[in-house]
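Here is a short briefing to read alongside the structure. Please bring it up in your viewer and follow the topics in turn.

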Amino acid sequence: MNEVVMYTDGACKGNPGPGGWGVLMQAGPNVKELYGGERETTNNRMELMAVIQGLQALKRPCAVQLHVDSLYVLKGMTEWLPGWKAKGWRTAAKQPVKNVELWQRLDELVAGSGHAIDWRWVRGHDGDPGNERADELANFGVEVALGRRPPPAV
């Protein structure tokens, strides 16, 4: 199983507002960067999209060391998800889970991908080079959403 180190981040200019997501992936000497955005979104949606897009980009099952600076994403995937599913996608307060379609998409992706994911939290804007680059990529995504930067070549 290939080993991949992945950093993901989301950005939003206003919340809601134009937003972007960014992904930095490294497998041995190979580095791949992804980014994109939406004109009207939230920071939490962009954090989720970054993880979704990063995992979707992997072509075969991998051992993924996945770094996120979003406790929302980390706790959602490592703590809250089983309870939400057991309660029909409701929170402990019996409210509908926000961003449910993205959570369901991420849950299906993780469950069906064959990836072995090691979820790791990294403090944002604290000098970690991988997180700082993912943040830059997320901000490129905002620029794409605003039409100020062309989308990346695929």
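Predicted model: local features only at pLDDT ≥ 70, side-chain atom pairs only at ≥ 80, totals over all residues.

In brief, helices α1 and α3 come within 10 Å of each other along their axes, strands β2 and β3 form a hairpin, and T8 counts as buried.

**Helices α1 and α3**
- Helix α1 spans residues 43–56 and helix α3 spans residues 100–113; their axes cross at roughly 25°.
- Because angles under 35 degrees count as roughly parallel, α1 and α3 are roughly parallel to each other.
- The crossing of this pair, α1 with α3, is left-handed.
- On the α1 side, the contact is made by R45, L48, M49, V51, I52, Q53, L55 and Q56, which meet E101, L102, W103, R105, L106, L109 and V110 of α3.
- Sorted by class, the residues in this α1 and α3 contact are ten nonpolar, two polar and three charged.

**Strands β2 and β3**
- Strand β2 (residues 17–27) pairs with strand β3 (residues 30–41) in the antiparallel sense, over ten bridges.
- One of the bridge partners to look for is K32 in β3, which is paired with M25.
- Two residues lie between β2 and β3 in the hairpin, and G28 in the turn has a positive phi of about 60°.

**Residue T8**
- T8 sits in strand β1, residues 2–12.
- The relative accessibility of T8 is 0%, so T8 counts as buried.
- Leaving aside residues up to four places away in sequence, T8 touches G22, V23, A50, V51, L66, H67, V68, D69 and A134.

Notes:
Residues numbered from 1 in each chain as written. Heavy atoms only, no water. Axes fitted to C-alpha atoms, helices over the stretch in contact; angles between N-to-C directions. Helix = DSSP H or I, 4+ residues; strand = E, 2+ residues; numbered from the N terminus. Parallel < 35°, antiparallel > 145°, perpendicular 65-115°, else oblique. Left-handed = near helix turned anticlockwise from the far one by under 90°. Contact = heavy atoms within 4.5 Å. Nonpolar A, V, L, I, M, F, W, Y, C, P; charged D, E, K, R; others polar. Pairing = 2+ DSSP bridges. Buried < 20%, exposed > 50% of the residue type's maximum accessible area, 1.4 Å probe, protein only.
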